[in-house]
Amino acid sequence: SGSSDPYCVIKVDNEVVARTATVWKSLNPFWGEEITLLLPRGFHSLTIYVLDEDTIGQDDVIGKVSLSHQQISAEPRGVDSWLSLAPVNPDQEVQGEIHLELQVPERGHPRVLRCHLIEARDLAPRDASGTSDPFGRVSCCGHTLETAVVKKTRFPHWDEVLEFELPEGELGEAVLSVELWDWDMVGKNDFLGQVEFSLDTLCPGPTRGWFHLLPLPSTTEDHGGQLGALRLAVRLLEDTVLPSHHYQPLIQLLTEPILCLAQSPEGTALAVLEEVTSAESRQDVATKLVKLFLGQGLAVPLLDYLTTRELARTTDPNTLFRSNSLASKSMEQFMKVVGLPYLHEVLKPVVNRIFEEKKYVELDPGKMELSRGRRISYKGSLSEAQLRESSLELLKGYLGDIIDAIVGSVDKCPLPMRVAFQQLRRRVEERFPSAQHEEAQYFSISGFLFLRFFAPAVLTPKLFGLREQHAEPCTGRTLLLLAK
């Protein structure tokens, strides 16, 4: 059809840790999924594979983006850019570790290098059975030796010692290479990974340990974005979490302006935090503040404090809470944490119906495909005016159901949300008491409840857990028009 059904698989050190939804029939997919992973401290790489889902047969691999631990940790603010997809070469897709003991004598004649291959673990499965038939191949100074083959396992145990006689004099740039291969009776053997050691860096005594298997040096040329590119935002946070009592002074400092209302609001830790928080970090700060104050039972007073401060700075009620301030972000995060089950109960029936009916809806004459709105009758395709009229009726029907569901859900709205909005309405009324600004108290609430809560969930139901998959282009367009 000239398109793909792309999805992403995320691997950490070759272990699959997450998968995105599939975006159907698109060469320019948008996922918008945020995934948080708890990683081991010693992880080596993060790799994102882009695949094309096929209903028949195996899914096709389009390409991958791989970032090493060093690359990610070198960017304190994170990696956020378009990265070209690289082709996937089976010889590069290695995993696992090998347990070795190496011994290079400092002197003696002849000098004999002992390489003890003990075992390996978590090797890549190269056979249809989901296992491999691994053997080791060790090379040094022009000589190569091999271990026995261990059949049908990804955790082979060899316990073999291979010995190499070293040339006299300086070793120079001599390298010991240990490769693992999957033995095949028919066809060529499959590469499983390798480790290399420069002999002049090995200690005179025994060197023993588990070593991470690496791919063969890449000979793949840069395809210059021919396979496409992936937009990624990756950030590594390495936190040390102390016992809870260590955080009590900080919690006391942050909650002080909420608990001691007599204190001047300008010199408090919260006020300073609001001033110094950058636009990029505001979402993170708001998320952590809401969680912290929810834990203390003070989330609603926190929102009252932040919104009151923003009201004091606002002169035009039409611009109220339109910026991504700390108050706006905190209210948005609060609604997500407290109101997500409520959101599901209100919107899920209508959203599910829109997905199931798959109606073609379009109001923009420049985007109309008249054949898509074809009636099953002798009349053939709809005219532009007829398609616009039928689209308008469908949208009104869906939107009426959404509005009815929201208006009829007053009693189901979580109490903390209702209290927070009641406070907000009272504060706006106090700040703009004149009759000409009477509607400001309602707009301030609808700005949060509709623009930052219900509308985004209608636009992208997957990101709010309303659906397991993203919408197909036709349904996605309906959702976009409804959200607008």
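Y247 lies in the loop between β14 (229-234) and α2 (248-259); here helices (H or I, at least four residues) and strands (E, at least two) are DSSP runs, numbered from the N terminus. With a relative accessible area of 30%, Y247 is partly exposed. In this scale, buried means under 20% relative accessible area, exposed means over 50%, and partly exposed covers the range in between (1.4 Å probe, protein chains only). Together with V241, L242, L250 and L253, Y247 makes a nonpolar surface patch of about 460 Å². Patches are made of residues with over 30% relative accessible area and no salt bridge, where like charges are joined within 9 Å and nonpolar side chains (Val, Leu, Ile, Met, Phe, Trp, Tyr) within 5 Å. The accessible areas come from the Shrake-Rupley method with a 1.4 Å probe, and for residues only the protein chains shown count as cover.

The structure is a predicted model, in which local features need pLDDT of at least 70, side-chain atom pairs count only at pLDDT 80 or more, and totals for chains, interfaces and linings use all residues. Residues are numbered from 1 along each chain as its sequence is written, and side-chain values use heavy atoms, with hydrogens and water left out.

The UniProt record, an unreviewed entry, places the feature "domain: C2" at residues 1-83 and 94-211. UniProt positions are given in the numbering used here, feature names are shortened, and annotations may be inferred rather than shown by experiment. Over residues 1-83, the chain is 6% helix and 41% strand, and the end C-alpha atoms are 26 Å apart.

Strands of a sheet pair through backbone hydrogen bonds, either parallel or antiparallel. C8 has V50 in β3 as its bridge partner.

The loop between β2 and β3 contains I35, which is partly exposed at 38% relative accessibility. Although I35 and V234 are 199 residues apart along the chain, their C-alpha atoms are separated by 9.6 Å.

A further open sheet has 4 strands in the order β10-β7-β6-β13, and its pairing is antiparallel. Here β10 (157-166) and β13 (207-212) stand at the edges; each has a single partner strand, so one side of each is left without a neighbour in the sheet. The twist in this sheet averages 20° from one strand to the next. Strand β6 (residues 97-103) pairs with strand β7 (residues 111-121) in the antiparallel sense over 7 bridges. Along this pairing, I98 stands opposite A120 in β7, and H99 has E119 in β7 as its bridge partner. Strands β6 and β13 also run antiparallel, joined by 6 bridges, and the bridge partner of E101 in β13 is R208.

The side chains of E101 and R208 form a salt bridge, with the closest N and O atoms 3.8 Å apart. This pair links distant parts of the chain, with E101 in strand β6 and R208 in strand β13, 107 residues apart. E101 is partly exposed, its relative accessible area being 23%. In the whole structure, 20 salt bridges are found, each defined as a side-chain nitrogen of Lys or Arg within 4 Å of a carboxyl oxygen of Asp or Glu.

Another salt bridge connects E345 with K412, the closest N and O atoms being 3.5 Å apart. Distant parts of the chain are again linked: E345 is in helix α6 (residues 326-357) and K412 in the loop between α7 (384-407) and α8 (415-431), 67 residues apart. E345 is partly exposed at 47% relative accessibility, and K412 is partly exposed at 48%. Helix α8 itself holds R427 and E430, which are 3 residues apart and therefore separated by about one helical turn. R427 forms a salt bridge with E430, and their closest N and O atoms are 3.7 Å apart. R427 is partly exposed, at 24% relative accessibility. Finally, E274, E275, R309 and R313 are linked in a network of salt bridges.

Notes. Pairing = 2+ DSSP bridges. Axes fitted to C-alpha atoms, helices over the stretch in contact; angles between N-to-C directions.
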